[in-house]
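Colleague: Can you take me through this one? I'd like to start with the charged pairs.

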Amino acid sequence: MSVDFKAVPRLAGGYRFQWEEAQQNHVLLYPEGMVQLSDTAAAVLSLCDGKRTVEAIVAQLEEDYETEGLDEDVTQFLMEAEAQGWVKYG
Amino acid sequence: MAKIPPPLWLLAEVTHSCPLQCPYCSNPLQLVPKKDELDTEGWLKVLHQARKMGAAQLGFSGGEPLVRKDLEVLIAEARKLGYYSNLITSGVGMDAARVEKFRELGLDHIQVSFQADDATLNDYLAGTHAFQHKLDMARAVKASGYPMVLCFVIHRQNTDRVAQMLDLAAELQADYVELATTQFEGWALANRDHLLPTLEQVREAERVAHHYQEKLKGKMKIYYVVPDYYENRPKACVAGWGKVFLAVAPDGLVLPCHSARSLPNLELHNVRDHDLAWIWYESKAFNYFRGEDWMKEPCRTCDEREKDFGGCHCQAFKLTGDPTNADPTCAKSPHHHLIEQAIDTTRLNPNSSKPLLFRKRQNNSNLS
(Lines give C-alpha, C1' and ligand atoms only; values in the text may rest on other atoms or scores of the structure.)
Protein backbone atom coordinates (compact mmCIF):
# COMPACT_ATOMS: atom_id res chain seq x y z
CA MET A 1 0.00 0.00 0.00
CA SER A 2 1.26 3.49 -0.74
CA VAL A 3 -0.08 6.99 -0.55
CA ASP A 4 -0.65 9.20 -3.56
CA PHE A 5 0.27 12.82 -2.72
CA LYS A 6 -2.51 14.10 -4.97
CA ALA A 7 -5.17 11.96 -3.27
CA VAL A 8 -7.74 13.54 -0.96
CA PRO A 9 -8.30 11.68 2.32
CA ARG A 10 -11.41 11.96 4.44
CA LEU A 11 -12.77 10.28 7.54
CA ALA A 12 -14.64 7.08 6.69
CA GLY A 13 -18.42 7.14 7.09
CA GLY A 14 -19.58 6.46 10.63
CA TYR A 15 -16.40 7.75 12.24
CA ARG A 16 -16.31 10.84 14.39
CA PHE A 17 -13.16 12.72 15.40
CA GLN A 18 -13.44 14.86 18.51
CA TRP A 19 -11.71 16.29 21.55
CA GLU A 20 -12.60 14.60 24.84
CA GLU A 21 -12.33 16.98 27.74
CA ALA A 22 -12.45 14.22 30.40
CA GLN A 23 -9.61 12.32 28.73
CA GLN A 24 -7.68 15.43 27.64
CA ASN A 25 -7.26 13.64 24.36
CA HIS A 26 -8.49 13.55 20.78
CA VAL A 27 -10.41 10.40 20.02
CA LEU A 28 -11.91 8.64 17.06
CA LEU A 29 -15.35 7.18 17.72
CA TYR A 30 -17.00 4.46 15.65
CA PRO A 31 -19.63 1.75 16.15
CA GLU A 32 -18.79 -0.01 19.43
CA GLY A 33 -15.37 1.54 19.74
CA MET A 34 -13.09 4.45 20.52
CA VAL A 35 -9.41 5.06 19.80
CA GLN A 36 -7.34 7.52 21.77
CA LEU A 37 -5.14 9.36 19.32
CA SER A 38 -1.58 10.59 19.70
CA ASP A 39 -1.05 14.31 19.08
CA THR A 40 0.51 13.56 15.71
CA ALA A 41 -2.36 11.30 14.64
CA ALA A 42 -4.86 13.93 15.76
CA ALA A 43 -3.04 16.65 13.85
CA VAL A 44 -3.19 14.65 10.62
CA LEU A 45 -6.78 13.49 11.05
CA SER A 46 -7.98 17.01 11.79
CA LEU A 47 -6.86 17.91 8.26
CA CYS A 48 -8.47 14.91 6.54
CA ASP A 49 -11.46 16.99 5.55
CA GLY A 50 -12.16 15.62 2.09
CA LYS A 51 -10.80 18.84 0.51
CA ARG A 52 -7.07 18.87 1.14
CA THR A 53 -4.68 16.63 -0.78
CA VAL A 54 -2.05 14.66 1.10
CA GLU A 55 0.46 17.14 -0.24
CA ALA A 56 -1.51 20.05 1.22
CA ILE A 57 -1.81 18.28 4.56
CA VAL A 58 1.94 17.81 4.76
CA ALA A 59 2.51 21.46 3.81
CA GLN A 60 0.01 22.65 6.42
CA LEU A 61 1.58 20.57 9.20
CA GLU A 62 5.08 21.69 8.25
CA GLU A 63 3.88 25.25 8.49
CA ASP A 64 2.06 24.69 11.81
CA TYR A 65 5.01 22.94 13.41
CA GLU A 66 7.60 25.16 11.72
CA THR A 67 9.49 22.18 10.42
CA GLU A 68 10.24 20.26 7.22
CA GLY A 69 10.32 16.69 5.97
CA LEU A 70 7.06 15.51 7.55
CA ASP A 71 5.95 13.69 4.40
CA GLU A 72 7.15 10.31 5.61
CA ASP A 73 5.44 10.60 9.03
CA VAL A 74 2.20 11.69 7.42
CA THR A 75 2.11 9.02 4.72
CA GLN A 76 3.01 6.33 7.21
CA PHE A 77 0.17 7.35 9.49
CA LEU A 78 -2.26 7.59 6.57
CA MET A 79 -1.39 4.07 5.45
CA GLU A 80 -2.06 2.82 8.95
CA ALA A 81 -5.29 4.82 9.14
CA GLU A 82 -6.46 3.41 5.82
CA ALA A 83 -5.63 -0.14 6.92
CA GLN A 84 -7.67 0.43 10.08
CA GLY A 85 -10.56 1.71 7.98
CA TRP A 86 -10.51 5.19 9.56
CA VAL A 87 -9.69 7.06 6.36
CA LYS A 88 -10.94 6.74 2.80
CA TYR A 89 -9.99 8.52 -0.41
CA GLY A 90 -12.06 10.42 -2.94
CA MET B 1 -6.31 1.27 45.10
CA ALA B 2 -5.40 2.85 41.81
CA LYS B 3 -7.29 5.94 40.76
CA ILE B 4 -10.78 5.10 39.53
CA PRO B 5 -11.10 5.85 35.81
CA PRO B 6 -14.18 7.67 34.49
CA PRO B 7 -16.87 5.71 32.65
CA LEU B 8 -16.54 5.81 28.85
CA TRP B 9 -19.61 3.88 27.85
CA LEU B 10 -23.18 4.49 28.97
CA LEU B 11 -25.91 1.98 28.21
CA ALA B 12 -29.33 3.58 28.58
CA GLU B 13 -31.89 0.81 28.92
CA VAL B 14 -34.78 3.14 28.37
CA THR B 15 -37.53 0.53 28.67
CA HIS B 16 -38.07 -3.18 29.17
CA SER B 17 -41.12 -3.13 26.92
CA CYS B 18 -40.56 -5.00 23.68
CA PRO B 19 -42.85 -6.23 20.90
CA LEU B 20 -40.60 -9.30 20.54
CA GLN B 21 -40.48 -12.29 22.87
CA CYS B 22 -37.03 -13.75 22.27
CA PRO B 23 -36.30 -16.58 24.68
CA TYR B 24 -32.60 -15.61 24.78
CA CYS B 25 -33.26 -12.14 26.13
CA SER B 26 -30.73 -11.04 28.75
CA ASN B 27 -33.21 -8.76 30.51
CA PRO B 28 -34.05 -9.83 34.05
CA LEU B 29 -37.02 -12.15 34.54
CA GLN B 30 -38.65 -9.46 36.62
CA LEU B 31 -39.13 -6.84 33.92
CA VAL B 32 -39.47 -3.23 35.05
CA PRO B 33 -43.11 -2.15 34.60
CA LYS B 34 -43.74 0.81 32.30
CA LYS B 35 -45.14 2.93 35.11
CA ASP B 36 -41.78 2.74 36.95
CA GLU B 37 -39.72 4.03 34.00
CA LEU B 38 -37.73 7.24 34.25
CA ASP B 39 -39.46 10.10 32.48
CA THR B 40 -37.87 12.28 29.81
CA GLU B 41 -36.41 14.68 32.38
CA GLY B 42 -34.92 11.76 34.27
CA TRP B 43 -33.15 10.45 31.16
CA LEU B 44 -31.91 13.89 30.17
CA LYS B 45 -30.35 14.19 33.61
CA VAL B 46 -28.64 10.82 33.16
CA LEU B 47 -27.24 11.89 29.77
CA HIS B 48 -25.92 15.16 31.16
CA GLN B 49 -24.30 13.68 34.23
CA ALA B 50 -22.63 10.76 32.44
CA ARG B 51 -21.29 12.96 29.65
CA LYS B 52 -19.82 15.35 32.19
CA MET B 53 -17.99 12.44 33.79
CA GLY B 54 -16.51 11.43 30.44
CA ALA B 55 -18.84 8.88 28.86
CA ALA B 56 -18.47 9.13 25.07
CA GLN B 57 -20.18 6.01 23.73
CA LEU B 58 -23.89 5.86 24.32
CA GLY B 59 -26.17 2.94 23.58
CA PHE B 60 -29.94 3.27 23.60
CA SER B 61 -31.16 -0.17 24.47
CA GLY B 62 -33.98 -1.99 26.20
CA GLY B 63 -36.32 -3.82 25.75
CA GLU B 64 -37.03 -2.06 22.52
CA PRO B 65 -36.01 1.61 22.78
CA LEU B 66 -38.29 2.54 19.87
CA VAL B 67 -41.22 2.03 22.21
CA ARG B 68 -40.25 5.27 23.99
CA LYS B 69 -42.08 8.19 22.42
CA ASP B 70 -39.39 10.59 23.65
CA LEU B 71 -36.51 8.75 21.97
CA GLU B 72 -36.13 11.61 19.47
CA VAL B 73 -35.69 14.08 22.33
CA LEU B 74 -33.01 11.93 23.94
CA ILE B 75 -31.18 11.41 20.65
CA ALA B 76 -31.08 15.13 19.92
CA GLU B 77 -29.75 15.90 23.38
CA ALA B 78 -27.14 13.13 23.11
CA ARG B 79 -25.78 14.70 19.92
CA LYS B 80 -25.72 18.14 21.46
CA LEU B 81 -23.70 16.79 24.38
CA GLY B 82 -21.15 15.14 22.08
CA TYR B 83 -22.00 11.50 22.59
CA TYR B 84 -21.40 8.96 19.86
CA SER B 85 -24.78 7.35 20.03
CA ASN B 86 -26.05 3.98 18.95
CA LEU B 87 -29.58 2.68 18.74
CA ILE B 88 -29.74 -1.02 19.55
CA THR B 89 -33.01 -2.18 18.08
CA SER B 90 -35.11 -4.97 16.64
CA GLY B 91 -36.30 -2.49 14.01
CA VAL B 92 -39.90 -2.96 15.13
CA GLY B 93 -41.41 0.47 15.77
CA MET B 94 -39.41 2.22 13.07
CA ASP B 95 -40.07 3.15 9.47
CA ALA B 96 -37.89 4.83 6.85
CA ALA B 97 -39.14 8.28 7.91
CA ARG B 98 -38.21 7.70 11.55
CA VAL B 99 -34.74 6.51 10.49
CA GLU B 100 -34.33 9.70 8.48
CA LYS B 101 -35.45 11.74 11.49
CA PHE B 102 -32.89 10.01 13.72
CA ARG B 103 -30.25 10.86 11.17
CA GLU B 104 -31.22 14.54 11.15
CA LEU B 105 -31.14 14.60 14.95
CA GLY B 106 -27.60 13.24 14.99
CA LEU B 107 -27.88 9.58 15.94
CA ASP B 108 -24.55 8.03 14.88
CA HIS B 109 -25.53 4.50 14.10
CA ILE B 110 -28.24 1.91 14.30
CA GLN B 111 -27.72 -1.72 15.13
CA VAL B 112 -30.52 -3.90 13.83
CA SER B 113 -30.81 -7.35 15.36
CA PHE B 114 -31.97 -10.45 13.56
CA GLN B 115 -33.04 -13.72 15.13
CA ALA B 116 -32.11 -15.74 12.06
CA ASP B 117 -31.52 -15.46 8.29
CA ASP B 118 -34.92 -16.76 7.27
CA ALA B 119 -38.44 -15.70 8.06
CA THR B 120 -39.71 -18.91 9.61
CA LEU B 121 -36.98 -19.35 12.20
CA ASN B 122 -36.64 -15.61 12.80
CA ASP B 123 -40.32 -15.15 13.50
CA TYR B 124 -40.55 -18.29 15.60
CA LEU B 125 -37.76 -17.05 17.88
CA ALA B 126 -39.05 -13.48 17.96
CA GLY B 127 -42.56 -14.69 18.73
CA THR B 128 -43.92 -12.34 16.08
CA HIS B 129 -43.80 -11.67 12.33
CA ALA B 130 -40.89 -9.30 12.17
CA PHE B 131 -38.45 -10.66 9.58
CA GLN B 132 -39.68 -8.82 6.49
CA HIS B 133 -39.83 -5.55 8.41
CA LYS B 134 -36.30 -6.09 9.70
CA LEU B 135 -35.06 -6.52 6.14
CA ASP B 136 -36.81 -3.32 5.11
CA MET B 137 -35.36 -1.46 8.10
CA ALA B 138 -31.82 -2.73 7.50
CA ARG B 139 -32.12 -1.39 3.93
CA ALA B 140 -33.58 1.90 5.15
CA VAL B 141 -30.70 2.33 7.58
CA LYS B 142 -28.17 1.82 4.81
CA ALA B 143 -30.09 4.01 2.35
CA SER B 144 -30.05 6.95 4.73
CA GLY B 145 -26.26 6.87 4.81
CA TYR B 146 -25.65 5.06 8.07
CA PRO B 147 -23.07 2.35 8.45
CA MET B 148 -25.12 -0.84 8.64
CA VAL B 149 -24.50 -2.75 11.81
CA LEU B 150 -26.29 -6.10 12.04
CA CYS B 151 -26.45 -8.32 15.06
CA PHE B 152 -27.38 -11.99 15.05
CA VAL B 153 -27.77 -13.52 18.48
CA ILE B 154 -26.65 -17.11 18.10
CA HIS B 155 -27.51 -20.21 20.09
CA ARG B 156 -28.28 -23.86 19.49
CA GLN B 157 -31.41 -23.20 17.43
CA ASN B 158 -29.65 -21.09 14.80
CA THR B 159 -25.87 -21.63 15.10
CA ASP B 160 -25.87 -24.03 12.16
CA ARG B 161 -26.95 -21.16 9.91
CA VAL B 162 -24.05 -18.77 10.46
CA ALA B 163 -23.03 -19.04 6.79
CA GLN B 164 -26.54 -18.13 5.65
CA MET B 165 -26.63 -15.25 8.15
CA LEU B 166 -23.39 -13.87 6.76
CA ASP B 167 -24.65 -14.32 3.19
CA LEU B 168 -27.71 -12.30 4.11
CA ALA B 169 -25.54 -9.64 5.75
CA ALA B 170 -23.39 -9.42 2.62
CA GLU B 171 -26.48 -9.16 0.43
CA LEU B 172 -27.73 -6.29 2.61
CA GLN B 173 -24.27 -4.67 2.29
CA ALA B 174 -23.70 -4.64 6.03
CA ASP B 175 -20.59 -2.84 7.24
CA TYR B 176 -20.37 -4.61 10.58
CA VAL B 177 -21.84 -7.92 11.66
CA GLU B 178 -21.85 -9.10 15.19
CA LEU B 179 -22.45 -12.80 15.77
CA ALA B 180 -23.33 -12.39 19.41
CA THR B 181 -23.30 -15.58 21.39
CA THR B 182 -26.16 -15.80 23.85
CA GLN B 183 -25.05 -14.88 27.34
CA PHE B 184 -26.78 -17.09 29.83
CA GLU B 185 -28.40 -14.43 31.98
CA GLY B 186 -32.05 -13.66 32.65
CA TRP B 187 -34.42 -15.36 30.21
CA ALA B 188 -31.53 -17.02 28.40
CA LEU B 189 -30.45 -18.85 31.56
CA ALA B 190 -34.01 -20.06 32.13
CA ASN B 191 -33.92 -21.45 28.57
CA ARG B 192 -30.35 -22.73 28.63
CA ASP B 193 -31.28 -26.34 27.88
CA HIS B 194 -32.70 -25.12 24.56
CA LEU B 195 -30.06 -22.57 23.73
CA LEU B 196 -26.61 -23.80 24.68
CA PRO B 197 -24.90 -24.88 21.46
CA THR B 198 -22.92 -28.10 21.26
CA LEU B 199 -19.14 -28.08 20.95
CA GLU B 200 -19.40 -29.26 17.34
CA GLN B 201 -21.73 -26.37 16.53
CA VAL B 202 -19.41 -23.85 18.15
CA ARG B 203 -16.32 -25.09 16.29
CA GLU B 204 -18.17 -25.12 12.98
CA ALA B 205 -19.55 -21.61 13.55
CA GLU B 206 -16.06 -20.42 14.38
CA ARG B 207 -14.67 -21.99 11.21
CA VAL B 208 -17.38 -20.42 9.05
CA ALA B 209 -16.97 -17.02 10.69
CA HIS B 210 -13.21 -17.04 10.08
CA HIS B 211 -13.73 -18.11 6.48
CA TYR B 212 -16.08 -15.16 5.87
CA GLN B 213 -13.77 -12.79 7.74
CA GLU B 214 -11.06 -13.61 5.20
CA LYS B 215 -13.40 -13.60 2.23
CA LEU B 216 -15.00 -10.25 3.05
CA LYS B 217 -11.95 -8.49 4.44
CA GLY B 218 -12.15 -4.75 3.84
CA LYS B 219 -15.88 -4.97 2.96
CA MET B 220 -17.59 -6.26 6.06
CA LYS B 221 -16.22 -6.49 9.58
CA ILE B 222 -17.35 -9.66 11.30
CA TYR B 223 -17.15 -10.09 15.03
CA TYR B 224 -17.47 -13.59 16.41
CA VAL B 225 -16.61 -14.56 19.95
CA VAL B 226 -16.51 -18.15 21.14
CA PRO B 227 -19.04 -18.68 23.95
CA ASP B 228 -17.43 -18.62 27.38
CA TYR B 229 -18.85 -22.08 28.14
CA TYR B 230 -16.41 -23.48 25.56
CA GLU B 231 -13.38 -21.34 26.25
CA ASN B 232 -12.12 -22.72 29.59
CA ARG B 233 -11.48 -19.12 30.58
CA PRO B 234 -14.06 -16.50 31.50
CA LYS B 235 -14.66 -13.27 29.65
CA ALA B 236 -13.67 -10.00 31.26
CA CYS B 237 -17.24 -8.97 31.95
CA VAL B 238 -17.96 -5.36 30.84
CA ALA B 239 -14.17 -4.93 30.56
CA GLY B 240 -13.92 -4.95 34.34
CA TRP B 241 -16.39 -3.94 37.02
CA GLY B 242 -16.66 -0.16 37.36
CA LYS B 243 -13.84 0.48 34.88
CA VAL B 244 -15.46 1.54 31.62
CA PHE B 245 -19.13 0.65 31.54
CA LEU B 246 -22.22 1.95 33.22
CA ALA B 247 -25.81 0.90 32.60
CA VAL B 248 -28.96 2.67 33.71
CA ALA B 249 -32.04 0.46 33.95
CA PRO B 250 -35.52 1.66 32.88
CA ASP B 251 -36.40 2.59 36.47
CA GLY B 252 -33.19 4.59 36.98
CA LEU B 253 -31.24 1.95 38.84
CA VAL B 254 -27.55 2.31 38.04
CA LEU B 255 -25.81 -0.95 37.20
CA PRO B 256 -22.12 -1.86 36.89
CA CYS B 257 -23.20 -4.54 34.41
CA HIS B 258 -26.63 -4.93 32.92
CA SER B 259 -27.36 -8.10 34.91
CA ALA B 260 -26.11 -6.77 38.25
CA ARG B 261 -29.65 -6.46 39.53
CA SER B 262 -29.60 -10.23 40.09
CA LEU B 263 -26.68 -10.12 42.53
CA PRO B 264 -27.36 -10.49 46.26
CA ASN B 265 -26.29 -7.99 48.92
CA LEU B 266 -25.39 -5.39 46.35
CA GLU B 267 -26.88 -2.10 47.38
CA LEU B 268 -27.66 -0.53 44.03
CA HIS B 269 -28.63 3.11 43.80
CA ASN B 270 -31.07 5.05 41.69
CA VAL B 271 -30.39 8.24 39.73
CA ARG B 272 -33.56 9.62 41.28
CA ASP B 273 -31.76 9.68 44.64
CA HIS B 274 -28.08 10.11 43.87
CA ASP B 275 -25.77 11.82 41.46
CA LEU B 276 -24.22 9.47 38.90
CA ALA B 277 -20.71 10.56 39.83
CA TRP B 278 -21.30 9.62 43.47
CA ILE B 279 -22.70 6.26 42.42
CA TRP B 280 -19.75 5.57 40.10
CA TYR B 281 -16.94 6.69 42.38
CA GLU B 282 -18.26 6.34 45.91
CA SER B 283 -21.07 3.79 46.13
CA LYS B 284 -20.32 0.42 47.66
CA ALA B 285 -21.88 -1.42 44.72
CA PHE B 286 -19.49 0.08 42.15
CA ASN B 287 -16.50 -0.52 44.41
CA TYR B 288 -17.54 -4.04 45.32
CA PHE B 289 -15.54 -5.81 42.63
CA ARG B 290 -13.01 -3.08 41.89
CA GLY B 291 -9.43 -4.10 42.52
CA GLU B 292 -8.59 -7.57 43.81
CA ASP B 293 -9.41 -7.50 47.51
CA TRP B 294 -12.67 -9.37 46.97
CA MET B 295 -11.01 -12.26 45.18
CA LYS B 296 -10.78 -15.77 46.55
CA GLU B 297 -8.72 -18.66 45.25
CA PRO B 298 -8.14 -19.58 42.47
CA CYS B 299 -8.46 -15.95 41.27
CA ARG B 300 -6.44 -14.32 44.04
CA THR B 301 -3.12 -15.84 42.93
CA CYS B 302 -4.01 -16.48 39.29
CA ASP B 303 -1.61 -15.01 36.75
CA GLU B 304 -4.56 -14.17 34.49
CA ARG B 305 -6.51 -12.16 37.08
CA GLU B 306 -5.65 -8.86 35.41
CA LYS B 307 -6.94 -10.17 32.11
CA ASP B 308 -10.42 -11.39 33.07
CA PHE B 309 -10.87 -9.98 36.60
CA GLY B 310 -12.42 -13.27 37.72
CA GLY B 311 -15.01 -13.26 34.92
CA CYS B 312 -18.73 -12.72 35.26
CA HIS B 313 -19.91 -12.29 38.86
CA CYS B 314 -23.56 -12.76 37.90
CA GLN B 315 -22.68 -16.11 36.33
CA ALA B 316 -20.67 -17.08 39.42
CA PHE B 317 -23.65 -16.25 41.61
CA LYS B 318 -26.29 -17.89 39.45
CA LEU B 319 -24.35 -21.14 39.11
CA THR B 320 -22.42 -21.41 42.40
CA GLY B 321 -24.45 -19.26 44.79
CA ASP B 322 -21.56 -16.89 45.56
CA PRO B 323 -20.63 -13.97 43.27
CA THR B 324 -17.10 -13.80 44.72
CA ASN B 325 -16.35 -17.28 43.42
CA ALA B 326 -14.43 -17.54 40.18
CA ASP B 327 -16.70 -17.60 37.14
CA PRO B 328 -17.30 -21.35 36.69
CA THR B 329 -16.62 -21.14 32.95
CA CYS B 330 -12.97 -21.04 34.03
CA ALA B 331 -11.37 -24.49 33.99
CA LYS B 332 -9.49 -23.51 37.17
CA SER B 333 -12.76 -23.01 39.05
CA PRO B 334 -13.66 -25.77 41.53
CA HIS B 335 -17.21 -25.40 40.15
CA HIS B 336 -16.25 -25.91 36.51
CA HIS B 337 -18.04 -29.29 36.54
CA LEU B 338 -21.31 -27.30 36.50
CA ILE B 339 -20.41 -26.00 33.05
CA GLU B 340 -19.30 -29.44 31.90
CA GLN B 341 -22.62 -30.86 33.10
CA ALA B 342 -24.57 -28.25 31.13
CA ILE B 343 -22.49 -29.05 28.04
CA ASP B 344 -23.09 -32.79 28.53
CA THR B 345 -26.82 -32.23 28.91
CA THR B 346 -26.80 -30.35 25.62
CA ARG B 347 -24.78 -33.03 23.86
CA LEU B 348 -26.74 -36.00 25.15
CA ASN B 349 -30.17 -34.45 25.10
CA PRO B 350 -30.34 -31.81 22.38
CA ASN B 351 -34.14 -31.74 22.42
CA SER B 352 -35.07 -30.53 25.87
CA SER B 353 -38.46 -31.65 27.13
CA LYS B 354 -38.89 -28.39 29.06
CA PRO B 355 -41.09 -25.87 27.23
CA LEU B 356 -39.23 -22.96 25.65
CA LEU B 357 -40.10 -19.92 27.68
CA PHE B 358 -40.80 -16.85 25.56
CA ARG B 359 -40.03 -13.49 27.10
CA LYS B 360 -43.26 -11.80 28.09
CA ARG B 361 -44.49 -10.29 31.27
CA GLN B 362 -47.09 -12.96 32.01
CA ASN B 363 -44.35 -15.61 31.83
CA ASN B 364 -42.54 -14.07 34.82
CA SER B 365 -44.84 -15.94 37.12
CA ASN B 366 -44.04 -19.30 35.52
CA LEU B 367 -40.62 -19.10 37.12
CA SER B 368 -39.56 -19.34 40.68
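Modeller: R161(B) and D117(B) form a salt bridge, 2.8 Å from N to O; the term means a side-chain nitrogen of Lys or Arg within 4 Å of a carboxyl oxygen of Asp or Glu. The model is predicted, so to speak of local features pLDDT must be at least 70, side-chain atom pairs count only at pLDDT 80 or more, and totals for chains, interfaces and linings use all residues. Residues are numbered from 1 along each chain as its sequence is written, chains are lettered from A and ligands numbered from 1 in the order in which they are written, and side-chain values use heavy atoms, with hydrogens and water left out.

Colleague: What does E37(B) pair with?

Modeller: E37(B) forms a salt bridge with R68(B), and the closest N and O atoms are 3.2 Å apart. They are 31 residues apart, with E37(B) in the loop between β1 (9-13) and α1 of chain B and R68(B) in the loop between β2 (57-61) and α2 (71-81) of chain B. Both E37(B) and R68(B) are buried.

Colleague: How many salt bridges over all chains?

Modeller: The count is 23. Across the interface of chain A and chain B there are 2.

Colleague: On to that interface, then. What does D108(B) form a salt bridge with?

Modeller: With R16(A), the closest N and O atoms being 2.5 Å apart. D108(B) lies in the loop between α3 (96-105) and β4 (109-114) of chain B and counts as buried because its relative accessibility is 13%. Leaving aside neighbours within four places in sequence, its contacts (heavy atoms within 4.5 Å) include R16(A), Y83(B) and Y146(B).

Colleague: How many residues are in contact between chain A and chain B?

Modeller: 14 residues of chain A are in contact with 19 residues of chain B. The area buried between the two chains is about 1,300 Å², with 50% from carbon and sulfur atoms. Buried area is the accessible area (1.4 Å probe) that two parts lose on being put together, summed over both. In chain A, R16(A), P31(A) and E32(A) lose the most area to chain B, together 45% of what that side buries.

Colleague: What is R51(B) in contact with?

Modeller: Beyond neighbours within four places in sequence, R51(B) is in contact with Q18(A), E20(A), A56(B), L81(B), G82(B) and Y83(B). R51(B) is in helix α1 (residues 40-53) of chain B, and counts as buried at 15% relative accessibility.

Conventions
Helices (H or I, at least four residues) and strands (E, at least two) are DSSP runs, numbered from the N terminus. Buried means under 20% relative accessible area, exposed over 50%, partly exposed in between (1.4 Å probe, protein chains only).
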